[in-house]
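This report looks at strand pairing, ring contacts and model confidence, in that order. The structure comes first.

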Amino acid sequence: MSQKVAIVGAGITKFVRRAQETGKELAWQASKMALDSCGLSLKDIDSVSLGTAPDAFDGVHMKGEYLSDGSGGWRKPYMRQFVGGGTGVFAPIHGWMHVASGMFDTCLVVCSEKMSTCYPHPQGAFLTIFDHTTEQALDPTLIWIFALEYNRYMETYGLTKRDIAPVSVKNKKNAMDHPSAQLPMDITVDDVLNSELLAWPVNRLDISPASDGAAAIVLAGEHAAKRITDKPVWIDGVGWNLDTAYWATRDLSYPRYVEKAARMAYDMAGIKEPRREIEIAEPYDPFTYKELHHMEGLLLADRGEAPQLLADGVTQRDGDRPMCPSGGALGVGNPISATGLMKVIEIFLQLRGEAEKRQVPGNPTCGLAQAWGDLMQVGTVVVMRR
Amino acid sequence: MELGKFKLGGTQLKQSDIDRGKVLTLAQTPDLEYAWDDGVAIGRYLEELKNGKIIARKCNKCGRIMIPPRMFCELCWRATDEWVYCKDTGTVNTYSLCHVNWDASRIPEGEPLHLPALIHIDGASPGMGILHVLGEVDPDRIKIGMKVKAVWKKPGEREGSITDIMHFKPLRAARKKSKKKKSGGR
């Protein structure tokens, strides 16, 4: 009873530092737009998959229940997914399972995030992701682990900050063409290097912002999809993987769990040569170095080679292997779970030739979106084709 | 569909909207306290920290000497076998010079930075490290690969916590020469 699954519609809000709307109002705006975009109403939806990140941001316990009405989940089979920052690509993977299994013909996938509620800054809520006994007593901040990983990545491959900063320049520039973007900017590498130093080697412009926002897609089984649209985008491969949460004992220079997730998705999609077949990608880029780190984990670059591809312009929109044509988390913003789904939506629009000014040349037929999270040891990957 | 053809939701608020009462907010600080049990493995780890020692746990199947210690080997998926004392020295695997506190507030100019590091502990299996902080070091002279040693609180002041080690300091060289030197960024 299994069936192919397509994305047939999408919706998104603006990503902003602080939204007037509540999380459920944002969820409703994105969900309604997704249904409108493909001419469906809520009664056409058989199941709902919600993704949202830590409850600590909102100060609302059981956020899945709280967001369920805005996500169209009442009186339907409804499920919340959560793997930290990986959630935004994990929620559509769950939606895919609902439909691919044959249990449902349609699934509304919604990701909503409201980070601004947490005072004085949502970064404080991240303290509790560290081990309560062996780590929290050291007063860590989330930036520590990224600074440590960034430094290890540079050390392993002999890189400098100047090799990595152009990711911020590229993505913030790409975001100037995205109508949801929170931090579109035309900046230089020196602007990144001279921005406030937060935790060497991480400067302010190396980091994506805290954001409020929501995104949604509609999934449909093969027959339903062809009835709903003549431009379905098929989810041909899904993969997810989790590495040790003893993060201090892992090789921080390479995201092996992302490779495992990617290989799972590539095998399912029949992809043998990812660098040739994946024409466009949205790797997760909450920090500059992460886009490069993830390109390598996704096997889209050799280990340590991604910065050279960046320098050569290969990852620009008009390059051979465009990365984050949307503007990514660095440019569009980073309302955690909604970011991953924004990336899925970008590939959906790019493959349909509907990405407006962001459209990459060459009529791409195959792309992927990836997210990453938990205690920096989760990789989630979706491969799409038109 | 093109995003540009839709009126997107999400209304940006400014601080002035909040200050002027355009938007009503309700603030609450939950008053919750937690008491985490140490568990078997970490309980012994903390007890040994109080004794001024770092202890690991060994799996006799894969041979890994693991720190922090654990009662089961997550790779072999079996109970671990024995306690093994490590040294209180190690190697800096990576580090940061951090100007930001846990709540995103900034460290005032001239005050010491946080110096988090991953330290691979001598006597544990290669690659086995812990998160801790560096001290008694000129931040500009910290290097990956630097040998470091734990600086313990006095025995009577230890309480069975990871902070019984105040910090790790360089075994040689790179020591802080003058207290007056400011730990500026790079």
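In this predicted model, strand β1 (residues 54-58) of chain B has four of its five residues buried, so the strand is largely enclosed by the rest of the structure.

Two strands pair with β1(B). One is strand β5 (residues 82-86) of chain B, which runs antiparallel to β1(B) over five bridges. Within this pairing, B:I54 has B:C86 as its bridge partner. The other is strand β2 (residues 65-66) of chain B, also antiparallel, joined to β1(B) by two bridges. Here B:R57 stands opposite B:M66. β1(B) and β2(B) form a hairpin with six residues between the strands. In that hairpin, B:G63 has a positive phi near 80°.

**Aromatic pairs**

Over all chains, the whole structure holds 12 aromatic pairs. One of them is A:W200 with B:Y95: the ring centres are 5.8 Å apart and the planes meet at 15°, so the pair is stacked. The cut-off for stacking is an angle under 30 degrees. A:W200 belongs to strand β5 (residues 197-200) of chain A, while B:Y95 belongs to strand β6 (residues 89-95) of chain B, so this pair joins two chains. Both partners are buried: A:W200 has a relative accessible area of 11%, and B:Y95 has 4%.

A pair within chain B is B:Y34 with B:W36. This pair is stacked too, with 6.0 Å between centres and 5° between planes. Its setting is another matter. B:Y34 is exposed at 60% relative accessible area, and B:W36 is partly exposed at 43%.

| Stacked pair | Centre to centre | Angle of planes |
|---|---|---|
| A:W200 and B:Y95 | 5.8 Å | 15° |
| B:Y34 and B:W36 | 6.0 Å | 5° |

Chain A also carries a cluster linked by ring pairs. Its members are A:F146, A:Y150, A:Y284, A:F287, A:Y289 and A:W372.

**Charges over rings**

Which ring does the charged end of A:R80 sit over? It is the ring of A:F82, with the charged end 5.4 Å from the ring centre. In chain B, B:K53 lies over the face of B:Y85, 5.6 Å from the ring centre.

**Confidence**

Chain B has a mean pLDDT of 90, with 92% of its residues at 70 or more. Where does pLDDT stay under 50 in chain B? That stretch is residues 178-186, for which the model has 20 contacts beyond four places in sequence. Where pLDDT is low, predicted coordinates should not be read in detail.

Notes. Residues are numbered from 1 along each chain as its sequence is written. Chains are lettered from A and ligands numbered from 1 in the order in which they are written. This is a predicted model: local features need pLDDT of at least 70, side-chain atom pairs count only at pLDDT 80 or more; totals for chains, interfaces and linings use all residues. Side-chain values use heavy atoms; hydrogens and water are left out. pLDDT is the predictor's confidence in each residue, from 0 to 100. Contact means heavy atoms within 4.5 Å. Rings of Phe, Tyr and Trp (its six-membered ring) pair if their centres lie within 6.5 Å; planes under 30 degrees apart count as stacked, over 60 as edge-to-face and the rest as tilted. Buried means under 20% relative accessible area, exposed over 50%, partly exposed in between (1.4 Å probe, protein chains only). A charge sits over a ring if NZ of Lys or CZ of Arg is within 6 Å of the ring centre and within 35 degrees of the ring normal. Two strands pair if DSSP finds at least two bridges between them.
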